[in-house]
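Please consult the sequence and the structure shown below while reading.

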Amino acid sequence: MAPISANDPHPSAIGSARGEFQRGWKVLVAGVLGVAFGASPIPFNILGFTVEPLNAEFGWTKTQLMVPIMLYGIVASLLAPLYGWLADRFGVRPVALWSLFAFGVLFASISMTPASLLVYYGLWFLVGLVGIGSTPVTWSRAVNLWFFRSRGIALGILLLGTSISALVVPHVAVWSIEQLGWRFMFVTTAALSLGIALPAGVFFFREPTPEERPPEIRSDDGDLAGVSLSVAMRDYRFWLIWMSVVLIAGTFGGAFVNMVPILADRGFPATTAAVVITALGFGVLTGRIVTGLLLDRFWAGFVAFPLLCLPALSSLILLHDSVTLSLAVLAGFLLGLAAGAESDLIAYVTGRYFGMRHYGKIYGMLYMPFGIFSGVSPLIYAAVRDTTGSYDTVLTASVGTYILGGALLLALGGYPSFGRQELRTGG
C-alpha cells in the first residue's frame with residue numbers, strides 16, 4: 001500500500017517536517033514530562049498498589065478501593081470539554097500549568113487520609129476536579145499547533161509520557177510503600193509533578209505564534225481551520241470515534257488498574273507484578289512510536305484495527321490459571337499496545353477530521369468517554385472478582401470489545417479538506 005498524503009516524499013516536505021521539530025522540540029519535551037507526571041497516568045499507575053495496604057489498615061474491600069478511580073475518571077472526564085474550551089479561549093499554557101500545580105498539591109494531600117472512606121473518596125473527587133487540565137486534553141493541543149507533516153510521530157512522542165510514567169511510577173510506588181508506607185507514596189509521586197513536570201512547563205511550554213504555525217492548519221485569513229463542536233457532533237465519524245473509545249477504554253482501564261490483583265490471583269507477588277507493569281509501559285511506548293510513524297504514512301483506520309486487536313491476546317493469556325512470568329510479561333506488553341495506539345489515535349483523528357479551530361472542545365468531548373470508562377472499568381473488574389471469585393468473566397468479554405473497538409475505525413473514511421469556507425467556520 002502506498003503512503004497517503006500525510007507525508008509528501010518531496011525533499012522540501014522532509015525539510016518542513018524537520019523544521020517542525022527544530023521549532024517545537026522544547027515544547028514537545030515539556031509536554032512529554034507534563035503527560036508523564038500529570039493527572040492522566042499517575043492515578044492509574046499507583047492505585048493497584050494501594051489495594052493491599054489500605055485493605056490491611058482500614059478493612060476496605062477491593063471494590064471499595066476501586067471507587068476512587070471511578071470518581072476521579074468521571075469527574076475529570078465530564079470537565080474535559082470545559083478545560084478544552086478554556087485552552088481554546090485563553091491559551092493552553094495557563095490551563096495546563098495551573099492544573100498541573102493543583103493536581104500535585106491535592107494528590108499529595110491524599111497521604112493525610114483518615115479512617116474514613118468518605119474523606120478518601122472526597123480527596124479523589126477533588127483530584128479529578130482540578131487535574132484534567134494536566135492531561136493530553138491540553139498538552140496535545142499545543143503539539144497539534146506546532147506540528148502537521150510530522151504530527152503523528154510528534155503526538156506519539158508526546159504520549160510517550162504515559163510510558164515513562166508506567167516505567168517509573170510503579171517502582172517508585174512499590175519502593176515508597178515498602179520503605180515508608182502507603183501514605184508517603186502519594187507524596188513521592190506528587191513530587192514528580194511539582195518537581196519535574198511543572199518547572200519544565202514553566203520554562204518551555206507554549207503555543208506557537210500565528211507565524212510559527214504550520215501553513216496546513218491555517219485558513220485563508222490566517223486563522224486556524226476547522227469545524228465547530230456542534231458541526232463535529234452532527235458528523236457520524238465523531239460518534240464512531242466516540243464508541244471506539246468507549247469499548248477500548250472500558251476494556252483496558254480495568255485490566256490495567258487491576259493487573260496487580262489479577263496477577264496476585266495467579267500467585268505473583270507485588271514486586272513481580274511491577275515487572276509486568278513495566279512491560280506494559282514498554283508496550284505503550286512501542287504503541288506510541290509505531291502508531292505515530294504509521295499515522296504519518298497511512299490512513300488511520302488501517303493503522304488502528306490491527307493494533308487495537310492485538311491486546312485481545314493478553315486477555316486470553318491471563319485467562320489461564322497457570323501463567324508463567326514470561327507470558328504475564330507478554331500479556332502486559334500487548335495490553336500496553338492498546339493504550340499506546342488509542343491515545344495517539346484520539347488526538348490525531350481529532351485534528352485530522354475536525355481541524356484545530358475548536359480542537360480543545362472537540363477533543364475534550366472525545367476524551368470524556370476515555371476518562372469515564374477508564375474510571376468505571378476498574379470497578380467493574382473488581383466487582384466481578386468480588387462476586388464470582390475470579391476475573392475470568394470480564395477477561396473473556398474483553399476479547400470481543402478490543403476487536404469491535406478497532407473495527408469501528410475502519411468506517412471513518414478519508415480525511416476531509418478544510419479548504420472550503422463552510423468547513424472552516426463550522427457553518
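How do the residues of the lining of the second largest cavity divide into nonpolar, polar and charged? They divide into 7 nonpolar, 1 polar and 1 charged, where Ala, Val, Leu, Ile, Met, Phe, Trp, Tyr, Cys and Pro count as nonpolar, Asp, Glu, Lys and Arg as charged, and the others, Gly among them, as polar.

## Basis of the description

The model is predicted, so local features need pLDDT of at least 70 and side-chain atom pairs count only at pLDDT 80 or more, whereas totals for chains, interfaces and linings use all residues. Residues are numbered from 1 along each chain as its sequence is written, and side-chain values use heavy atoms, with hydrogens and water left out.

Rolling a probe the size of a water molecule over the atoms shows where empty space is left. A cavity is a set of points, on a 1 Å grid over the protein atoms alone, where a 1.4 Å probe fits but cannot get out; its lining residues have an atom within 4 Å of a point. Grid points are joined across faces, edges and corners, and a volume is the space filled by probe spheres set on the points. By this rule there are 3 cavities of 30 Å³ or more.

The largest cavity has a volume of about 350 Å³. Its lining comprises 28 residues, and Ser40, Pro41, Phe44, Thr162 and Phe370 lie nearest its centre. This lining divides into 17 nonpolar, 10 polar and 1 charged residues. At least two lining residues come from each of α2 (42-58), α3 (62-90), α8 (160-180), α11 (236-257), α13 (270-295), α16 (325-354) and α17 (359-388); helices (H or I, at least four residues) are DSSP runs, numbered from the N terminus. The largest share, 5 residues, is supplied by α17.

The second largest cavity has a volume of about 70 Å³. Ile241, Ser244, Val245, Leu308, Glu342, Leu345, Ile346, Val349 and Leu409 line this cavity. Two or more of these residues come from α11 and from α16, and α16 gives the largest share, 4 residues.

## An enclosed helix

Helix α14 (residues 300-309) has 7 of its 10 residues buried, so it is largely enclosed by the rest of the structure; buried means under 20% relative accessible area, exposed over 50%, and partly exposed in between (1.4 Å probe, protein chains only). The buried residues of α14 are Ala300, Gly301, Val303, Ala304, Leu307, Leu308 and Cys309. They pack against α11, α13, α15 (312-318), α16 and α18, a contact being heavy atoms within 4.5 Å. One of them, Leu308, also belongs to the lining of the second largest cavity.

## Arg141 and the salt bridges

A salt bridge is a side-chain nitrogen of Lys or Arg within 4 Å of a carboxyl oxygen of Asp or Glu, and the count by this rule is 7. The side chains of Arg141 and Glu207 form one at 3.2 Å, N to O. Because Arg141 lies in helix α6 (residues 136-146) and Glu207 in the loop between α9 (182-204) and α10 (229-233), the pair ties together parts that are 66 residues apart in sequence. Arg141 is buried, at 4% relative accessibility. A polar contact of 2.7 Å joins its side chain to that of Asp88; such a contact is a pair of N or O atoms within 3.5 Å, in which, within protein, one must be able to donate a hydrogen and the other to accept it, and residues adjacent in sequence count only if both atoms are side-chain atoms. Residues up to four places away in sequence aside, Arg141 touches several others, including Ala87, Val92, Leu224, Met356 and Tyr359.

Arg266 and Asp392 form a further salt bridge (3.2 Å, N to O). Arg266 lies in the loop between α12 (259-265) and α13, and Asp392 in helix α18 (residues 392-408), so this pair ties together parts that are 126 residues apart in sequence. Arg266 is buried, with a relative accessible area of 18%, while Asp392 is partly exposed at 25%. Elsewhere, salt bridges that share partners join Asp88, Arg141, Glu207 and Lys361 into one network. In another pair, the side chains of Asp235 and Arg237 meet in a salt bridge of 2.7 Å, N to O. Asp235 is buried at 17% relative accessible area, and Arg237 is buried at 15%.

## The surroundings of Ser111

Ser111 is placed in the loop between α4 (92-109) and α5 (117-131) and counts as buried, at 13% relative accessibility. A polar atom of the Ser111 side chain lies 2.7 Å from the backbone oxygen of Ala108. With residues up to four places away in sequence left out, Ser111 touches Arg183, Phe186 and Val187.

Terms used: On a 1 Å grid over the protein atoms alone, a cavity is a set of points where a 1.4 Å probe fits but cannot get out, and a pocket is an open set with protein on both sides within 12 Å along at least five of seven lines; lining residues have an atom within 4 Å of a point.
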